Amino acid sequence: MVIRKLFKFEGAHIVRRCSSEKCRENIHGHSYVVEVFITSDKLDNGFMLMDFCRLERVKRFIESFDHTYSLWRGEEEDFKAFIYKYNERVAELPVSPSAEGYALLFFYAIDQILQGMEPVNGEGHVQLQAVRVHETATGYAEASREDLAWVHFTLEDIKFSFKDDVIG
Ligand SMILES: [Zn+2]
């Protein structure tokens, strides 16, 4: 069985090196929709895989990207300095903030959050199955565990310029 919870954030970025000149040369934003898919091996005492109220840390993590500029750490230093000078909310990321990059990053971080939670109320082996990031109404990227082999980062590589993030 699979359960799915949807989250949203309004984010800004540039996707350097992508094929579209509009996307790689201009700061712009999207209304992101993030779907989190979770599996388990049994029902809890409430006949649920996991009560969605247990995903509060996941919600807070995703909301860290709301009205935040997602800055790829590979940007040139003068651009980084500009972003930090004129934005209060910056998330500096080890991956470029494409939908694929977000999906991989969110999978990794949400997986860490879930693995750090103690089971309650008879929960089974709750596991993250996939994270789907919709950048527009017509396109999304979905990451699952095996895709993490493509990237190498830790939670310490995600740096927020403000205090309300929930990782670490
Ligand atoms: Zn974009």
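Which residue in E6 does Ala-130 stand opposite? Ala-130 stands opposite Ser-144. The points below place that pair in its sheet.

1. Basis. This is a predicted model: local features need pLDDT of at least 70, side-chain atom pairs count only at pLDDT 80 or more, and totals for chains, interfaces and linings use all residues. Residues are numbered from 1 along each chain as its sequence is written.

2. Sheet order. Seven strands form an open sheet with mixed pairing, in the order E6-E5-E2-E1-E3-E4-E7. Strands (E, at least two residues) and helices (H or I, at least four) are DSSP runs, numbered from the N terminus. Two strands pair if DSSP finds at least two bridges between them. The edges are strand E6 (140-144) and strand E7 (159-160), each pairing on one side only.

3. Pairing around E2. Strand E1 (residues 2-13) and strand E2 (residues 28-39) run antiparallel, joined by 12 bridges. His-13 has His-28 in E2 as its bridge partner. E2 also pairs with strand E5 (residues 127-134), again antiparallel, over seven bridges. There, Glu-35 is bridged to Arg-132 of E5. E5 in turn pairs with E6 through five bridges in the antiparallel sense. As background, strands of a sheet pair through backbone hydrogen bonds, either parallel or antiparallel.

4. Helix H2 on the sheet. H2 packs on the sheet and touches E1 and E2. Its direction makes about 20 degrees with that of E1. Axes here are lines fitted to C-alpha atoms, for helices over the stretch in contact, and angles run from 0 to 180 degrees between N-to-C directions. Contact means that the C-beta atoms of two residues, placed from the backbone, lie within 7 Å.

5. Buried face of H2. In helix H2 (residues 56-63), Val-58, Phe-61 and Ile-62 are buried. Seen down the helix axis, the buried residues of H2 fall within an arc of 95 degrees, so they line one face. The arc is that of the directions from the helix axis to the C-beta atoms. Their cover includes E1, E2 and helix H4 (99-115). The burial scale counts other C-beta atoms within 10 Å of a residue's own, all placed from the backbone: 20 or more is buried, 12 or fewer is exposed, and in between is partly exposed.

6. Two residues of E2. Ile-38 lies in strand E2. Ile-38 counts as buried because 22 other C-beta atoms lie within 10 Å. Leaving aside neighbours within four places in sequence, the contacts of Ile-38 include Ile-3, Leu-49, Met-50 and Leu-128. Its C-alpha is 7.2 Å from that of Ala-130, which is 92 residues away along the chain. Ser-31 is also in strand E2. Ser-31 is exposed, because it has 12 other C-beta atoms within 10 Å. With neighbours within four places in sequence left out, Ser-31 is in contact with Lys-8 and Glu-10. Ser-31 and Lys-8 are 23 residues apart in sequence, with their C-alpha atoms 7.2 Å apart.

7. Positive phi. Which backbone angles deserve a look? Arg-17 is not a glycine, yet has a positive phi of about 70 degrees. Arg-17 sits in the loop between E1 and helix H1 (21-25). Arg-17 is exposed, with 10 C-beta neighbours inside 10 Å. His-67, also a residue other than glycine, has a positive phi near 50 degrees. The loop between H2 and strand E3 (68-72) holds His-67. His-67 is partly exposed, with 13 other C-beta atoms within 10 Å.
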